[in-house]
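Please look over the model below before reading my points.

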Amino acid sequence: MSNGSQILVFKDMGLVSQVFDETSLGSLQGHIAVGHARYSTTGASVWENAQPTFRATAEGSVALGHNGNLVNTAQLAELVAELPRENGSRNAKVAATNDTDLVTALLAGQKDEDGKPLSLEEAAMTVLPEVKGAFSLVFMDEHTLYAARDPQGIRPLVLGRLERGWVVASESAALDICGAAFVREIEPGEFVAVDENGFRSTRFAEARPKGCVFEYVYLARPDTDIAGRNVYLSRVEMGRKLAKEAPVEADLVIATPESGTPAAIGYAEASGIPFGAGLVKNAYVGRTFIQPSQTIRQLGIRLKLNPLKEVIAGKRLVVVDDSIVRGNTQRALVRMLREAGAAEVHIRISSPPVKWPCFFGIDFATRAELIANGMTVEEIGKSMGADSLSYISIDGMIEATTIAKPNLCRACFDGEYPMDLPDPELLGKQLLETELAAGPASTAAAEALRRP
Ligand code: SF4
């Protein structure tokens, strides 16, 4: 938060509701602000890596929030190491171990050929073309709010207007919540600045759109629009297509709440099988695949869902879910449903099998952990104890988004990555945690990229 002369950064570990209260929010006074809730990809889940990241610049300071994940982290770390030193010391020493802090250090430390510091705006136009991967950025100095989106536009970023100000947010739903009117998306490769003189836009790279298809499947809120297409409607349509591609005789369609619900509604509508609520979600437990450790994840499934015996006993069920990553959720679910008296359990998934890791901000798993690797769909279904299992086709999923296939990243499903990736040993979640850099992380990345 900036009051025009000073930036105050307030950040901590935990949920937003655990970190902020009325008192801490009251202490944040000013007219420019950036905020961020981190889901860790590159860099461990520790305080130093919480965002916004903060750096002193020659003219003041910079605070930055980043949605996405970079793929040339090693190269950026080299650029940071080459930054000019102040008074013989490394002015850009990196305390954090995430890709984002490297970008902040680069933005803060740029100088021209004569050694004169560049303004943050000039620095952005120098640094952003060097950054590769998925990045929807918001950052600020004491006087100006900036935003930028990678040339592929992998993660969403939108611009909104308040009566007396501008808002940039990851999802259009955030604009609705703060009462801002949607203006447009920040374009892939676009850099914008908002200050007392108003809004201005420029490009640091040509747009080569490759929006993440998984945003439509699971990640984004259903009340968000991405590239002009509403996420909820896409999910319902995925369910309809799934019903046509993988019909089954059953008595009731249920969803794994809540991310599977729109597709289940679509499946029920297209199949004519009634839709019912067979599982009750504990509203106080987070989304399971976002929790970092396997132990918590396994516990999380039972904590998260409870079957409604009265609804499902004796019924042949179609259970619609958005995706299968490791298969733990669905295996536990089938067991729970059978214990609750389900006569048959048919699983239908509104995205294709996840076979490839994501390097752009979704910490799915290594290839070895992905259940769809090395197993047929039938084998996966059997391993879950289901009576049948089917996934939507890649084309069915893409058609449901209404976005042209070449404009979508769907690499986790088909292995076609939207950009060149560096050598496997230069990719990995713990690349910057030096003691691990030569060990498990690089092995995992190398394993991850091996084709079947
Ligand atoms: S690999 Fe999958 S999850 Fe990652 S950006 Fe591409 S479509 Fe999205």
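The numbered points below go from the whole chain to particular elements.

1. This is a predicted model, in which local features need pLDDT of at least 70 and side-chain atom pairs count only at pLDDT 80 or more, whereas totals for chains, interfaces and linings use all residues. Residues are numbered from 1 along each chain as its sequence is written, and side-chain values use heavy atoms, with hydrogens and water left out.

2. The secondary structure of the protein chain comes to 17 helices and 19 strands, both being DSSP runs numbered from the N terminus (helices H or I, at least four residues; strands E, at least two). Of its 452 residues, 52% count as buried, that is, under 20% relative accessible area with a 1.4 Å probe and protein chains only.

3. An open sheet is formed by 6 strands in the order S1-S2-S3-S4-S8-S9, with antiparallel pairing; two strands pair if DSSP finds at least two bridges between them. Strand S1 (53–56) and strand S9 (198–203) stand at the edges with a single partner strand each, so one side of each is left without a neighbour in the sheet. Within the sheet, strand S4 (residues 145–149) and strand S8 (residues 190–195) pair over 4 bridges in the antiparallel sense, and Ala 148 has Phe 191 of S8 as its bridge partner.

4. Helix H5 (residues 120–127) lies across strand S2 (61–70), strand S3 (133–140), S4, S8 and S9, and runs at about 170° to S8. For such angles, axes are lines fitted to C-alpha atoms, for helices over the stretch in contact (heavy atoms within 4.5 Å), and the angles run from 0 to 180 degrees between N-to-C directions.

5. In helix H9 (residues 261–271), the buried residues are Pro 262, Ala 263, Ala 264, Gly 266, Tyr 267 and Ala 268. They pack against helix H8 (231–245), strand S13 (252–255), strand S16 (316–321) and strand S17 (344–349), and H9 is followed by Gly 272, whose phi is positive, near 80°.

6. A search of the whole structure finds 1 cavity of 30 Å³ or more, a cavity being a set of points on a 1 Å grid over the protein atoms alone where a 1.4 Å probe fits but cannot get out. About 90 Å³ of space lies in the largest cavity, a volume being the space filled by probe spheres set on the grid points, which are joined across faces, edges and corners. Its lining has 15 residues, of which Cys 212, Cys 358, Cys 409, Ala 411 and Cys 412 lie nearest the centre; lining residues have an atom within 4 Å of a point.

Notes:
1 Å grid on protein atoms, 1.4 Å probe; cavity = no way out; pocket = protein on both sides within 12 Å on 5 of 7 lines; lining within 4 Å. Buried < 20%, exposed > 50% of the residue type's maximum accessible area, 1.4 Å probe, protein only.
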